[in-house]
Amino acid sequence: MQYITDLSAYQGTKRTAVTLGKFDGLHRGHQKLIDRIRSRAAAENLESVVFAFDMNRESLMTPEEKRHHLEEQVDTLIACPFTREIREMEAEAFIREILSEKLHAAYIAVGSDFHFGHEKRGDVKMLAEYAEQYGYILEIVEKEKYQERVISSTYIKEALKEGNVELAEKLLGYRYKTAGVVEHGKQLGRTLGFPTLNVAPGDKKIMPRFGVYACDVKLDGVCYHGIGNVGIKPTVSDEKRLLTEVYVFGYSGNAYGKYAEIEFCGFERPETTFHSVEELKEQVDKDILFGKNYFGECEDEKVSEKSAAEESGK
């Protein structure tokens with residue numbers, strides 16, 4: 001996939017199937033649009049292009065996450081900074097200069113509420129009016145819904161604010177996650193018997209409600225279950241620095257400096273300030289049990305213990 005962050009760097013000459021929007025989170029509604037341009041591109045030998053306005057504000061996905069998510073799906077991702085030039089461009093000029101002359105659009109797929117151009121004067125009605133003049137086919141794609149509500153980035157953010165990562169997964173079509181390089185911490189968890197991985201969120205990355213979650217962790221290409229805390233660790237730190245701290249079940253290697261992906265599977269409890277480290281350890285033992293029960297690992301352990309007992313009795 002070609003990844004463009006400066007529109008002037010796009011030098012494609014082939015006709016394209018394009019979808020446009022902010023694409024924050026690449027949720028199920030966005031995926032519906034992307035499926036449309038992929039199908040059209042394959043059928044008519046076009047280049048598939050996702051034109052994503054980069055608003056440079058808190059979002060569900062970092063630019064790198066968006067790039068990784070689309071890597072095998074489309075030919076080109078244009079992450080277009082929402083500059084003053086783009087913001088103040090008249091809507092017809094955007095159609096002429098960007099969609100027609102720059103992208104050579106043959107097919108455009110957008111949602112019914114898509115707006116563009118100076119003061120958002122451009123809309124799907126205008127795109128339809130200029131379709132014949134600029135030689136493209138327009139498809140207005142019906143919004144995807146969940147429980148009678150339109151799926152949107154706002155809907156997902158509301159779910160995450162409540163810690164409802166299961167709902168967020170239904171809206172996104174995949175588990176919400178954070179990723180980054182494992183940092184050195186104070187190693188308090190190691191001294192208490194539960195060593196953890198510390199991962200800071202990407203710049204402007206929206207995190208779910210502060211608290212404890214059952215997690216899946218991908219490390220060195222292997223997926224592990226675990227239990228993780230999102231927050232600032234108020235009991236043991238005055239830094240107020242946001243981290244995801246995960247105890248990974250069955251992992252004993254040195255993960256410092258490695259890239260880890262952490263998926264949020266189920267919420268247990270909000271982040272809490274404890275009166276002592278001993279009280280914290282007692283709660284973490286309960287959190288670990290919650291995580292193992294969530295993934296069914298306690299039953300697996302019981303079966304293993306039973307098998308070992310039967311084997312030793314032979």
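This is a predicted model: local features need pLDDT of at least 70, side-chain atom pairs count only at pLDDT 80 or more; totals for chains, interfaces and linings use all residues.
Let's start with the rings. The structure holds 13 aromatic pairs. One of them brings together Tyr 294 and Phe 295, whose ring centres sit 5.0 Å apart. The angle between their planes is 80°, and this pair counts as edge-to-face because that angle is over 60 degrees. Phe 295 comes in at 16%, which makes it buried because the cut-off is under 20%.

Rings also gather in a group here: Phe 51, Phe 53, Phe 82, Phe 94, Phe 114 and Phe 116 make up one aromatic cluster. Keep Phe 51 in mind, as we'll meet it again.

Look at Tyr 155, where the charged end of Arg 149 sits over the ring, 4.1 Å from the centre. Phe 249 has a charge over its ring too, this time from Lys 292, at 5.4 Å from the ring centre.

Now for the threonine. Thr 19 is part of strand β2, which covers residues 16-21. Its relative accessibility is 0%, so Thr 19 counts as buried. What does the side chain of Thr 19 reach? It reaches the backbone oxygen of Ala 109, at 2.8 Å. Leaving aside residues up to four places away in sequence, Thr 19 touches Leu 33, Ile 34, Ile 37, Val 49, Val 50, Phe 51 and Ala 109.

Definitions and conventions
Residues are numbered from 1 along each chain as its sequence is written. Side-chain values use heavy atoms; hydrogens and water are left out. Rings of Phe, Tyr and Trp (its six-membered ring) pair if their centres lie within 6.5 Å; planes under 30 degrees apart count as stacked, over 60 as edge-to-face and the rest as tilted. Buried means under 20% relative accessible area, exposed over 50%, partly exposed in between (1.4 Å probe, protein chains only). A charge sits over a ring if NZ of Lys or CZ of Arg is within 6 Å of the ring centre and within 35 degrees of the ring normal. Helices (H or I, at least four residues) and strands (E, at least two) are DSSP runs, numbered from the N terminus. A polar contact is a pair of N or O atoms within 3.5 Å; within protein, one must be able to donate a hydrogen and the other to accept it, and residues adjacent in sequence count only if both atoms are side-chain atoms. Contact means heavy atoms within 4.5 Å.
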